[in-house]
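Work through the exercises below with the sequence and the structure at hand. Try each task before reading its solution.

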Amino acid sequence: MSTIFDFSVKDRKGKSVALKEYAPEVLLIVNTAIKCGFTPQYEELEKLYEKYHSQGFEILDFPCNQFGQQAPGTDESIHQFCKLNYGTEFPRFKKVKVNGDDADPLFKYLKEQKGFQGWDMDHKLAGILDDMLKKDDPDYQQKPDIKWNFTKFLTNKRGMVVDRFEPTTSIEVIEERIQQLLHENI
């Protein structure tokens, strides 16, 4: 059975990185954008990173320009924006496509493991996203595609995808799952 540790990705400078370098850490893999209504989540993500990194937790940030062209610019300009505006210290990778035939193989795998989980309709942007996506595809909820920026996949220490969190999921829910996985024995 394959795990995310079987994949390699490109860092923001184009160098190949084998994800097995992160074994046996708990990983939160996120597709991000710098001009999105969810961009302030960088602040929450950085707090999680600071709190749990020393316990074996890592966040892998993959900018993606597929949703509303909200990740414009170069990999380096995106990195500088995140450092200056949110003080992020977690690793940022080369911009990727997460949907379509030319989606990055890692994201194809992630979507195969965990499909769309539904919106938290208490979030102020959930209704807007739901309406917008239904116009293009009334059955969008049945498909595993990533629906928007800041979709998060959580893996356990063995590299298995155990959760998918849509961008409307509260950081408290995500943090609770991270804590559980960090305390799991391999």
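**Exercise 1: Strand E5 and its neighbours**

In strand E5, Leu-154 is the bridge partner of Leu-28. The model is predicted, so local features need pLDDT of at least 70 and side-chain atom pairs count only at pLDDT 80 or more, while totals for chains, interfaces and linings use all residues. Residues are numbered from 1 along each chain as its sequence is written, and side-chain values use heavy atoms, with hydrogens and water left out.

Task: Find which residue in E6 is the bridge partner of Leu-154, and state how E5 pairs with E3 and E6.

Solution. 
1. Strands (E, at least two residues) and helices (H or I, at least four) are DSSP runs, numbered from the N terminus. Two strands pair if DSSP finds at least two bridges between them.
2. E3 and E5 are antiparallel, with four bridges.
3. E5 and E6 also run antiparallel and are joined by four bridges. In E6, Asp-163 is the bridge partner of Leu-154.
4. E5 and E6 form a hairpin with five residues between them, and Gly-159 in the turn has a positive phi of about 85°.
5. Buried means under 20% relative accessible area, exposed over 50%, and partly exposed in between (1.4 Å probe, protein chains only).

**Exercise 2: Helix H3**

Task: Name the buried residues of H3 and the strands against which they pack.

Solution. 
1. H3 covers residues 105-113, and Leu-106, Phe-107, Tyr-109, Leu-110 and Lys-111 are buried in it.
2. An α-helix has 3.6 residues a turn, so residues three or four places apart point the same way.
3. The buried residues of H3 pack (contact means heavy atoms within 4.5 Å) against E1 (8-10), E3 (26-32), E4 (57-63), E5 (152-155) and E6 (161-165).
4. At the start of H3, a side-chain oxygen of Asp-104 comes to within 2.8 Å of the backbone nitrogen of Leu-106.

**Exercise 3: Backbone in the loops**

Task: Gln-69 has a positive phi, and so does Phe-150. Is Gln-69 buried or exposed, and is Phe-150 buried or exposed?

Solution. 
1. Gln-69, with phi near 50°, lies in the loop between E4 and helix H2 (75-86). Gln-69 counts as exposed because its relative accessibility is 53%.
2. Phe-150, with phi near 70°, lies in the loop between helix H4 (126-136) and E5. Phe-150 is buried, because its relative accessible area is 0%.

Key. Polar contact = N/O pair within 3.5 Å; in protein donor to acceptor, adjacent residues only side chain to side chain.
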